[in-house]
Amino acid sequence: MKFYTADAHCDFLFGAMEYGWDIGTQRRDQTITEENLKKGGTAIQFLAAWSDTKLRVPPLEQVMIMIDRYHTLHQKHPSFVPFTKAFTPDSGKIATVLTVEGAEGLGASPSILRDWYRLGVRAMTFTWNSDNELAGAAEGKRKRGLSEAGREILKEMNRLGIAFDVSHLSDAGIEDALSISTQPIFASHSNCRAIRNAPRCLEDDYIREIAKRGGVIGINFYGPQLCESGYAMISDIVKHICRVVTLGGIGAVCIGSDFDGMQRYPKDLRNPSDLPALYDALLREGFTPEQVDRIAYRNLRDYIVQFTD
């Protein structure tokens, strides 16, 4: 049985900037390719502009280069189109959503935020693994919440229509976002702390509250966030999906692979072409085809469409 996929997070754009990756060909360590996406049934792919603060190139310039790579992808490969409300997966196209992971390039500038929106950014998370001007990170030193500047940027994101992503955010930051945001927030690639006790995984109460407000949680495939050993299998992904469904209902969970953002993949899910094996496992777990369709595609599509032209 074929299912379409909507994937809330991958790091292909960084590879396109730093290593010259092209989505039409596959290089060493690259998983996001046109062939792999089509083989696995991917219909919507979020593409994150993640900036590495260790590079000599300033974060803002990195983000702008990756935004350029995003638009160049569409010019060079006609199979890819920006996601719109009119998009249907049976079109044969792969729809893309441009996101920003870590707002170091933004600073606290609403003007830059508005420019990013004009260039197509429709979702953003404030932090990666380190604290910054806007918020504390889940793996940061201070574990603080949103700064005053972060609160103002979140309000402007709400006004513009940019989805707020709590992945990599501290617990205090998630609580602040839940108290401030007038739009549903989401987690593009976060797992369940009740299963894997790690800072990047979400507490049950946050999963419940995000779901209650119309958000979704994308389960990522990074082994150390799936299981204690760090050497994960599809069965570990299924456990996290089941936990989110138990807490927030069938509409609360989606795919947030983190492809091209890690070095250690589940042994039986190495790239997007292997996604059908995950959906077969969900069917064996007892989910109906309609429920698997919601997990694989519909939930994320229905969430992001409210931020789409």
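Author: Let's begin at the end of helix H8, where glycine 249 follows with a positive phi near 95°. The model is predicted, so local features here need a pLDDT of at least 70 and side-chain atom pairs 80 or more, while totals for chains, interfaces and linings use all residues. Residues are numbered from 1 along each chain as its sequence is written, and side-chain values use heavy atoms, without hydrogens or water.

Helix H8 itself covers residues 234–248. Helices (H or I, at least four residues) and strands (E, at least two) are DSSP runs, numbered from the N terminus. From first C-alpha to last, the 15 residues of H8 reach 21 Å, close to the 21 Å expected at 1.5 Å a residue; the expected span is 1.5 Å times one less than the number of residues.

Which residues of H8 are buried? They are Ile234, Asp236, Ile237, Val238, His240, Ile241, Val244, Val245 and Leu247, where buried means under 20% relative accessible area, exposed over 50% and partly exposed in between (1.4 Å probe, protein chains only). An α-helix has 3.6 residues a turn, so residues three or four places apart point the same way.

The partners of these buried H8 residues are helices H7, H9 (275–285) and H10 (289–304), along with strands S7 and S8 (253–255). Packing here rests on contact, meaning heavy atoms within 4.5 Å.

With a relative accessible area of 40%, arginine 213 is partly exposed. Leaving aside residues up to four places away in sequence, arginine 213 touches Leu178, Ser179 and Pro184. Threonine 182 is 31 residues away along the chain, and its C-alpha lies 9.7 Å from that of arginine 213.

Helix H5 (148–160) has 13 residues and reaches 19 Å between its end C-alpha atoms, close to the 18 Å expected at 1.5 Å a residue. Gly150, Ile153, Leu154, Glu156, Met157, Asn158 and Leu160 are the buried residues of H5. They pack against helices H4 (110–118) and H6 (171–180), and against strands S5 (121–125) and S6 (163–165).

Finally, let's turn to the pockets. On a 1 Å grid over the protein atoms alone, a pocket is an open set of points with protein on both sides within 12 Å along at least five of seven lines, and its lining residues have an atom within 4 Å of a point. The largest pocket holds about 720 Å³ of space. Asp11, Asp260, Gly261, Met262 and Gln263 are the closest to its centre, out of 29 lining residues. That lining divides into 11 nonpolar, 9 polar and 9 charged residues.

The second largest pocket holds about 210 Å³. Its lining has 13 residues, and those closest to the centre are Tyr70, Pro82, Phe83, Gly120 and Arg122. Helix H3 (59–76) and strand S4 each give two or more residues to this lining, and the largest share, 3 residues, comes from S4. Volumes are the space filled by probe spheres set on grid points, joined across faces, edges and corners. For the classes, Ala, Val, Leu, Ile, Met, Phe, Trp, Tyr, Cys and Pro count as nonpolar, Asp, Glu, Lys and Arg as charged, and the others, Gly among them, as polar.

Terms used
1 Å grid on protein atoms, 1.4 Å probe; cavity = no way out; pocket = protein on both sides within 12 Å on 5 of 7 lines; lining within 4 Å.
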